Amino acid sequence: MSRPEDILPPDLYYGDREAGRYNTSSRVKKVQAEMSHRALELLDLRTPSLILDAGCGSGLSSQIVSQAGHQVIGLDVSASMLQLSLEKDDEAVDLFLSDLGQGVPLRAGSLDAAISISAIQWLCNAESSDVSAEGRLRRFFEGLYASLRRGGRAVCQFYPKNDAQRSMISGAAMKAGFGAGILEDDPGTKNSKLYLVLTVGGGGLQGDITGIVNGMSDVDVLDARRSATEKGRALPSRKGDKAWIMRKKEQMTRKGKVVKANSKYTGRKRRPAF
Amino acid sequence: MKLLTANFLTCAVKGCRAAASSYPLHFKDAELELQEVDFQPEFIHNIIPRIDWEGLRVMANELGFPKIPDSKPEGDALNDEQTMRDLHRLLLETHVVEGRLCCGNCGHEYMIKEGIANFLLPSHLGKTKNSIVEIQVYADGFAL
């Protein structure tokens, strides 16, 4: 399927026509609602809070957040989408026409939390020669980091084009100072959804994403850091040693080759010849 | 746009971040509207430590609200229902629907139409301060 990100910049792509289509499609509405609920669950807010909706679009996600009793500040670059959001007439939502790639125009430490549904992959497009995808991502995440209060969280659902884009986005978030982790719902299926969960240190919140998903059912934690340190501790396997031979034999067996049975002599060093 | 949100806004131009005169933004030709919202004392409690009181006073004066206390209500004053209701009315129910927001440092004017402020910057402004002439052309060209 073609990606809208590859066709036009967001302010032009979501003109009146495409924005209207987006806002009336029941499938889009359902998927957006599910993702917004998931993001709210990850934010785990206990009191009515001030929340930024970055790339709020036609306000499908803002509406769900405001229904949960929070005040919302919505930013979007498409005027047509904001017009639709305005028609929803939600008093708890305040809207701004603003390009996320130019930063977040809010005072430091003002927000409790932030969500962003299907928006930040748009930042990977640089429409003119004087901006770059990295620069736009950096300005957005730096602005977001500054405007969140200590102990605040942000959940950004996004559709990366490929693995390079995925690591570019999460790398930019970490460079801005966030503790970052990626939660993937329904991995490996067509409905796979990626959530970048960002934490700002301090304020009595424990660490990173593992602290957030702790206690959630149906979540497996794949911690690359832990396996990396374990690997670092174990001696590296060298070509020709016992572990290497055993691995090769196993590989060949799996391929269906005839492999000698293992014995106590397998992979053992020969005595030096006289 | 609520006054609450306006209290958190800064100029989007990068060079203005460090300048003290860039905050608060100044309202010009503002049209106000009152929209009733459910009273949520918990939200006010939660948000009040983060409100810049001096900024709020400046803004309220510009909009013609004279009765703002000199200092931020703290401690016992936060349990007073009337104080909370006044704050609720000022912060959440007062909306600016039309007008301009002006930065005290670079002079950039952000148009507000139907309660939506235009914080899009021409790309050269995303980097450094630049001529004001171009900015104004841009602000007039904003259509929603």
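Trainee: In this predicted model, which residues of helix α4 (residues 81-93) of chain B are buried?
Mentor: A residue counts as buried if 20 or more other C-beta atoms lie within 10 Å of its own. In α4(B), the residues that are buried are B:Leu87, B:Leu91 and B:Leu92.

Trainee: Turning to the contact between the chains, how many residues does it take from chain A, and how do they divide into nonpolar, polar and charged?
Mentor: The contact takes 28 residues from chain A and 28 residues from chain B. On the side of chain A that touches chain B, the elements giving two or more residues are β2 (71-76), α5 (79-87) and β3 (93-97) of chain A. The residues of that side of chain A divide into 12 nonpolar, 10 polar and 6 charged.

Trainee: Which residue of β4(B) stands opposite A:Phe96?
Mentor: Strand β3(A) and strand β4 (residues 116-118) of chain B run parallel and are joined by 2 bridges. On the chain A side, β2(A) and β3(A) also run parallel, with 5 bridges between them, and there A:Phe96 in β3(A) is the bridge partner of A:Leu75. In β4(B), the residue opposite A:Phe96 is B:Ala117.

Trainee: Which are the edge strands of the open sheet that 11 strands form?
Mentor: The order of the sheet is β6(A)-β7(A)-β5(A)-β4(A)-β1(A)-β2(A)-β3(A)-β4(B)-β3(B)-β2(B)-β1(B), and its pairing is mixed. From one strand to the next, the twist averages 20°. Each edge strand pairs on one side only, and the two are β6 (179-185) of chain A and β1 (26-34) of chain B.

Trainee: How many of the residues of strand β7 (residues 193-199) of chain A are buried?
Mentor: Strand β7(A) pairs with β5 (residues 148-158) of chain A in the antiparallel sense over 6 bridges, and A:Ala154 stands opposite A:Leu198. With β6(A), which also runs antiparallel to β7(A), there are 7 bridges, and A:Gly179 has A:Thr199 as its bridge partner. Strand β7(A) is mostly covered, and of its 7 residues the number buried is 5.

Methods
Residues are numbered from 1 along each chain as its sequence is written. Chains are lettered from A and ligands numbered from 1 in the order in which they are written. This is a predicted model: local features need pLDDT of at least 70, side-chain atom pairs count only at pLDDT 80 or more; totals for chains, interfaces and linings use all residues. A residue is buried if 20 or more other C-beta atoms lie within 10 Å of its own, exposed if 12 or fewer, and partly exposed in between; C-beta atoms are placed from the backbone. Helices (H or I, at least four residues) and strands (E, at least two) are DSSP runs, numbered from the N terminus. Two residues are in contact if their C-beta atoms, placed from the backbone, lie within 7 Å. Ala, Val, Leu, Ile, Met, Phe, Trp, Tyr, Cys and Pro count as nonpolar, Asp, Glu, Lys and Arg as charged, and the others, Gly among them, as polar. Two strands pair if DSSP finds at least two bridges between them. Axes are lines fitted to C-alpha atoms, for helices over the stretch in contact, and angles run from 0 to 180 degrees between N-to-C directions.
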